[in-house]
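Here is a short briefing on one protein chain. Look over the sequence and the model first, then work through the points below.

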Amino acid sequence: MAGSANTSRASVVRRSLLILAMAVVLLACGNGDADGSGADEVAISDDALRVLGTDDLLFEPDELHAPAGEIEFALTCEDRVHHNLVIIATGDEVAVCAAGETGVGSIELDAGTYEFVCTIPGHSATMRGELTVD
Ligand SMILES: [Cu+2]
């Protein structure tokens, strides 16, 4: 009896691993097909605020608008420098990107005006912006 219980547990584990492997393959394909720009792209919703962190240490654009509630960010780093995007009032780092890549994140905000900044050392002097939530 103990032997057959172990056998069925092993087959459940095997089946789980197989399902997991298939899920990974499906996710990899889905991301690659989303915009055709490469397998490393993350899924970005249509409502996401898209921001570019430039190699010149600027946010483009530096003025953002969004409706109150869950606000999604897609932060793209230009070619050579990595950045993050931190909402100063809450202290939340909502997105991070490696050089040449895009990072996504979200935060729940009420109506108001929020300053955001990149907190990578040396960046905050120029990498600032304002998010208006209404
Ligand atoms: Cu930065």
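P61 lies in the loop that links β2 to β3. In general, most peptide bonds are trans, and most residues other than glycine have a negative phi. The model is predicted.

- Which residue has a positive phi although it is not a glycine? L57 does, with a phi of about 65°.
- L57 sits in the loop between β1 and β2. This hairpin has 5 residues between its strands.
- L57 is partly exposed, because 17 other C-beta atoms lie within 10 Å. The cut-off for a buried residue is 20 or more.
- β1 and β2 (residues 59–60) run antiparallel and are joined by 2 bridges.
- E60 in β2 is the bridge partner of L52.

**β1 and its pairing with β4**

- β1 (residues 49–53) runs parallel to β4 (residues 69–77). How many bridges join β1 to β4? There are 5.
- L52 stands opposite T76 in β4. L52 also has a bridge partner in β2, namely E60.
- As a general point, strands of a sheet pair through backbone hydrogen bonds, either parallel or antiparallel.

**The five-stranded sheet**

- An open sheet is built from 5 strands, in the order β3-β9-β8-β5-β6. Its pairing is mixed.
- V117 stands opposite R128 in β9.

**The nonpolar core**

- The largest nonpolar core has 18 residues. V51, F73, L75, L85 and A95 have the most contacts inside this core.
- β4, β5 (83–87) and β6 each give two or more residues to the core. β4 gives the most, with 5 residues.
- Which residues does L75 touch, leaving aside those up to four places away in sequence? They are V51, G53, H83, L85, A95, C97, T102 and G103.
- In soluble globular proteins, nonpolar side chains tend to be buried together.

**Whole chain**

- The chain has 1 helix and 9 strands. From the N terminus on, the elements run α-β-β-β-β-β-β-β-β-β.
- Of the 134 residues in the chain, 17% are buried.
- Take the contacts between residues at least 6 apart in sequence: 52% join residues at least 24 apart.

**Confidence**

- The chain averages a pLDDT of 82, and 69% of the residues score at least 70.
- Where is the pLDDT below 50? This applies over residues 24–39. Beyond near neighbours in sequence, that stretch has 10 contacts in the model.
- Where pLDDT is low, the predicted coordinates should not be read in detail.

Definitions and conventions:
Residues numbered from 1 in each chain as written. Predicted model: local features only at pLDDT ≥ 70, side-chain atom pairs only at ≥ 80, totals over all residues. Pairing = 2+ DSSP bridges. Helix = DSSP H or I, 4+ residues; strand = E, 2+ residues; numbered from the N terminus. Buried ≥ 20, exposed ≤ 12 C-beta atoms within 10 Å, placed from the backbone. Core = buried A, V, L, I, M, F, W, Y, C linked by C-beta atoms within 7 Å. Contact = placed C-beta atoms within 7 Å. pLDDT = per-residue confidence, 0-100.
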